[in-house]
Amino acid sequence: YLTFDKWLVGQTWSNFIAPEYLPETIEPASYVGGSLLRVPVFRYTDKITDQTSFVLSIENPKYTAATDPDNEMRLPAFVGRINHNFDNGSLISGRSFLAEKKTANDEKFAWGIGLGGKYLISPHTILKADYYHVKGDGRFLAWSNSGYALDINNQMHENEFDTISLGITHKFNPKLRSTIGYGYMKANESSTFAHLKYDDNTQNKQLWQGWANAIYSPFKSIDFGLEYVYGQRETFNDLTGVDNRFNMMISYDF
C-alpha cells in the first residue's frame with residue numbers, strides 16, 4: 001500500500017478489525033473472536049484531539065461463495081473507526097461497517113459494530129478485550145459462519161452473531177512472556193438463517209477456544225513459542241466437536 005499525508009491506498013488490514021486487541025497467540029489463523037482480514041482499501045485518517053483520532057475507509061467487499069452465496073454486490077464496504085490513547089499507554093477503539101449484500105433476486109445491507117482495547121495493568125502486564133456484533137456478513141471475523149442463507153425462493157436470510165475475546169499477557173523478564181486467552185462466538189439460533197442451516201455441519205451455533213502460551217526470545221529477532229489450546233463447537237442441530245492440541249513455533253524477524 002501507499003500513504004500520502006492522511007491518505008492510504010492499497011491492501012492492508014481492514015479498518016473494522018483489530019488484531020492488536022486479540023490476546024497474543026502463535027496460531028497463524030487466529031482464534032475465535034479474531035481476524036486477519038487484509039483487503040484493498042482507500043482510507044483517510046485524522047485527529048480530533050492529540051489523543052483521539054478517527055479513520056474512514058471504503059473497502060473491497062471481498063467474499064467467497066462459502067460466505068456470500070450468489071453475491072452480485074456492486075458497492076464497497078463503508079467502515080468507520082475512532083481511537084483513543086490514554087496517558088498510561090492504554091488504548092480503546094470503536095468500529096462500525098455497512099456493506100451491500102445483493103443477489104439476482106434480493107438485496108440487503110449487512111452491518112456490524114466492534115468495541116475493544118488494551119489496558120496496562122502494570123508495566124509488565126497487559127489486558128486485552130474485543131467485542132463484535134455483526135449481522136449479515138461472514139468475512140470480517142474468523143469462524144463466524146456464512147453471511148446469509150438463501151431459501152427456496154432465493155431470498156436472503158442473514159446470520160447474526162456476537163463474539164468476544166479476552167486475555168492477559170505478562171512479561172516475566174525481557175526474554176520470557178506468557179498469555180492466557182479466551183474467545184467465544186454465539187449465533188442467533190432463533191433466526192431463519194439458523195433454521196435454513198440446521199443440517200449444515202459447517203455452520204456453528206456457538207464455539208469457544210481457550211489458549212495458554214509461553215514465548216521465549218533469547219535474542220531480539222528470534223522467538224520460540226509453545227501453546228496449548230482447547231475448544232468446543234456446537235452446530236445448530238446440536239452436534240459437537242473438540243479442538244485439543246499443542247502449537248509450537250520458531251520465528252525469525254528480519
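In strand E5, Arg81 is the bridge partner of Val55. The model is predicted: local features need pLDDT of at least 70, side-chain atom pairs count only at pLDDT 80 or more, and totals for chains, interfaces and linings use all residues. Residues are numbered from 1 along each chain as its sequence is written, and side-chain values use heavy atoms, with hydrogens and water left out.

**Strand pairing around E5**

Strands are DSSP runs of E with at least two residues, numbered from the N terminus; two of them pair if DSSP finds at least two bridges between them. Strand E5 (residues 77-85) pairs with strand E4 (residues 52-59) in the antiparallel sense, over eight bridges. Strand E6 (residues 91-102) is also antiparallel to E5 and is joined to it by eight bridges. Here Phe97 of E6 is the bridge partner of Val79. Five residues separate E5 from E6 in a hairpin, and Gly89 in the turn has a positive phi of about 95°.

**Asn83**

Asn83 is a residue of E5. Asn83 counts as buried because its relative accessibility is 17%, where buried means under 20% relative accessible area with a 1.4 Å probe, protein chains only. The side chains of Asn83 and Arg81 make a polar contact at 2.8 Å; such a contact is a pair of N or O atoms within 3.5 Å, of which, within protein, one must be able to donate a hydrogen and the other to accept it, and residues adjacent in sequence count only if both atoms are side-chain atoms. Leaving aside residues up to four places away in sequence, Asn83 touches Gln51, Thr52, Ser53, Val55, Ile92 and Ser93, contact being heavy atoms within 4.5 Å.

**Pockets**

A pocket is an open set of points on a 1 Å grid over the protein atoms alone, where a 1.4 Å probe fits, with protein on both sides within 12 Å along at least five of seven lines; lining residues have an atom within 4 Å of a point. Volume is the space filled by probe spheres set on the points.

| Largest | about 310 Å³ | eight nonpolar, twelve polar, two charged |

Of the 18 residues lining the second largest pocket, the closest to its centre are Trp13, Ile17, Glu20, Arg43 and Arg81. Strand E2 (7-13), E5 and E6 each give two or more residues to this lining, and E5 provides the largest share, four residues.

Notes. Ala, Val, Leu, Ile, Met, Phe, Trp, Tyr, Cys and Pro count as nonpolar, Asp, Glu, Lys and Arg as charged, and the others, Gly among them, as polar. Buried means under 20% relative accessible area, exposed over 50%, partly exposed in between (1.4 Å probe, protein chains only).
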